[in-house]
Amino acid sequence: MIRSEREPWPLLAFLFLAGLACRGWFLWTERGSPFAAVPIVDAREYHLWASSIASGQGLLAVWAHHSPVYPLFLAVFYKVFGASPWPVFWFQALLGALTAVLCGHAAWKAWQDGPASVAAGLAAA
């Protein structure tokens, strides 16, 4: 098989849009859910910790058994967008769509096969 040096940009764009569409549809269907509006279990702990960081109380204001990386990430979003989970949900949807692109690109690099790339990307989507 002759390997092509051409990158599959249309295929990767399709994977990104498909992954984002799946995640966007899910977020749209969950917009009225009480489970999305009220954080529970770990989400509640991360929310409380991030809120304390964003309000200036520091990293050690809330005791937690998790790494502080995700609460720091949330605190940045809370400072910029307020303490709503929706901007974070949409950012995570974008990251998930990029994961589909990376899986499709890895399959393309390994096999140079369009259908295999689409399958890998859609599996990640």
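Two residues are taken to be in contact when they have heavy atoms within 4.5 Å of each other. Helices are DSSP runs of H or I with at least four residues, numbered from the N terminus. The model is predicted, so local features need pLDDT of at least 70 and side-chain atom pairs pLDDT 80 or more, while totals for chains, interfaces and linings use all residues. Residues are numbered from 1 along each chain, and side-chain values use heavy atoms, without hydrogens or water.

We can start with helix 3 (42-54) and helix 4 (69-81). Y46, H47, W49, A50, S51, I53 and A54 in helix 3 touch Y70, P71, L72, L74, A75, Y78 and K79 in helix 4. By class, this contact has 11 nonpolar, two polar and one charged residues (Ala, Val, Leu, Ile, Met, Phe, Trp, Tyr, Cys and Pro count as nonpolar, Asp, Glu, Lys and Arg as charged, and the others, Gly among them, as polar).

Next come helix 5 (86-111) and helix 6 (residues 114-124). Here T99, A100, C103, G104, A107, W108 and W111 of helix 5 meet G114, A116, S117, A120, G121 and A124 of helix 6. This contact has eight nonpolar, five polar and no charged residues.The axes of helix 5 and helix 6 come within 7 Å and cross at roughly 155° (axes are lines fitted to C-alpha atoms over the stretch in contact, with angles from 0 to 180 degrees between N-to-C directions). That angle makes the two helices roughly antiparallel, a term for angles over 145 degrees.

Definitions and conventions: Parallel < 35°, antiparallel > 145°, perpendicular 65-115°, else oblique.
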